[in-house]
Amino acid sequence: MQLKAINVKPGDKDKLVTGLFSKKEAAEVIANGCRHIHSSTLGARDACALISREMLERSIQIPFPWELVKDSTLESLRTSRERHALIHSIASGKKITGRRDLKEKMTSVLEELVTNAIYHSYVERDDTPRYPRQKPAVLADSERVDVRYHIVDEGIYLSVSDRGGGLSFSSVSRAFARCYGKRSEAQIEDKEGGAGLGLYMVFETVTHLKFVTVPGVRTEICCWIADKRSFDPDHFSLNFFEWREK
Amino acid sequence: MNNGERLLPNEKFKFESHVRGDKTVIDLKGIIDEDSHFDSIRKLGGPFIFNFRQLTSINSCGIRSWVNFLKELGRAQVFYEECPPLVVRQMNMVPSFLGTAQVLSVFLPYVCDNCEAEKMLLANTENLNDPSSVKESIPCDSCNKGEMEFDGQPKQYFSFKR
């Protein structure tokens, strides 16, 4: 994949890229190894971009404005079959009634993130998935998937976390290179397991996407889905933070 | 036991079939995911018209199952009709979800700027060769005060037609 007019070299993983991009252009940057990109008419002065810069320079965790939600609801699940009931329950909530577009986006994003968390985050020592995608999964006692959500007029905050920590940046960048680089059946992985489309579909749908992973310990993926009234196609971000336990 | 555990795989996805002229019409219902199998549809024989009106969800593994199913249909003619926005979104994101199928009609989503009522208008795609011909707004027949605006960007919504 070729870079277009964006000065990022493979390996510039902690470089913060700001500007005005399409999702496809942003995905090209990510496919080349850059982990932090913000698209906004404000460029480097965008509030979320400033927070990313602060986090990278000081190696500290600061929530983005869209993460500052009060009274979010926490649900935990331990089986693959529970996810349908959970998603149905959130989609049937009073605050999302009559908001078809938001409900469909939330359902799609949650389905992909929760399914990934159940089937791909818990791996054996040889990195093979502990729970094969073809079968219903029941997680071990020490394992679970936590879903946190909050619905307001401006949009939906979602967070899905696991205790496996199996998600690597390379799997995100490979998925983006494949899905944005090819507009054919080659977008889809034909191996056992997932179709390799989930993270692409999530990135296409959400406004802000943040990965926080502690390898081998836990992964949290949180995102903001803007309601159509506050949706701005030029304004979005993706950040992939990898922390080590001290 | 919660609702999810009572939900057997074959209860999530259903279809009904009938004949229209020389074509087999398949009404798809529910969720298409990794548990969905389409062998019994393939055996009915084409040409096929797939009606997506009652499809409620499709995930990434469901897209893969569907794309593989389309491949298995070989040269059978395939038509899509009454595609709701969630299906249009998949056609735009993953072009092989559409493959060589011809889209007969799609639902256009509108939402009222006053009372937030939503409405779906069915449009034949042959009448929509130019996305700019999509009505940007229509009068709201729910509150009779506001205008219902097209819920999306027409150019983006019809990018599957490129």
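Start in chain B with strands β8 and β9 (residues 147–150): they pair in the antiparallel sense over three bridges. Keep in mind as you look around that this is a predicted model. To see one of the contacts between these strands, click on B:Ser137, whose bridge partner in β9(B) is B:Glu149.

Now widen the selection to the sheet around them. Four strands of chain B line up in the order β7-β6-β9-β8, forming an open sheet with antiparallel pairing. At its edges you'll find β7 (118–124) and β8 (137–139) of chain B, each pairing on one side only.

Most residues other than glycine have a negative phi. Is B:Glu116 buried or partly exposed? It counts as partly exposed, because it has 15 C-beta neighbours inside 10 Å, and being buried takes 20 or more.

Next, stay in chain B and pick out the other sheet. This open one has five strands in the order β1-β2-β3-β4-β5, with mixed pairing. Its edge strands, β1 (13–20) and β5 (102–103) of chain B, each pair on one side only. Zoom in on β1(B) and strand β2 (residues 23–32) of chain B, which run antiparallel and are joined by eight bridges. For one contact there, select B:Glu16: its bridge partner in β2(B) is B:Asp27.

Two loops of chain B deserve a stop. Most peptide bonds are trans. Then jump to B:Glu82, in the loop between β4 (78–81) and α5 (85–93) of chain B. Here is another positive phi in a residue other than glycine, near 50 degrees. B:Glu82 is partly exposed, with 19 other C-beta atoms within 10 Å.

Finish in chain A with helix α4 (residues 100–120). How far apart are its end C-alpha atoms? They are 29 Å apart, which agrees with the 30 Å that its 21 residues should span at 1.5 Å a residue. Colour the helix by burial and 17 of the 21 residues of α4(A) come up as buried, so it is largely enclosed by the rest of the structure.

Notes
Residues are numbered from 1 along each chain as its sequence is written. Chains are lettered from A and ligands numbered from 1 in the order in which they are written. This is a predicted model: local features need pLDDT of at least 70, side-chain atom pairs count only at pLDDT 80 or more; totals for chains, interfaces and linings use all residues. Two strands pair if DSSP finds at least two bridges between them. The expected span of a helix is 1.5 Å times one less than its number of residues. A residue is buried if 20 or more other C-beta atoms lie within 10 Å of its own, exposed if 12 or fewer, and partly exposed in between; C-beta atoms are placed from the backbone.
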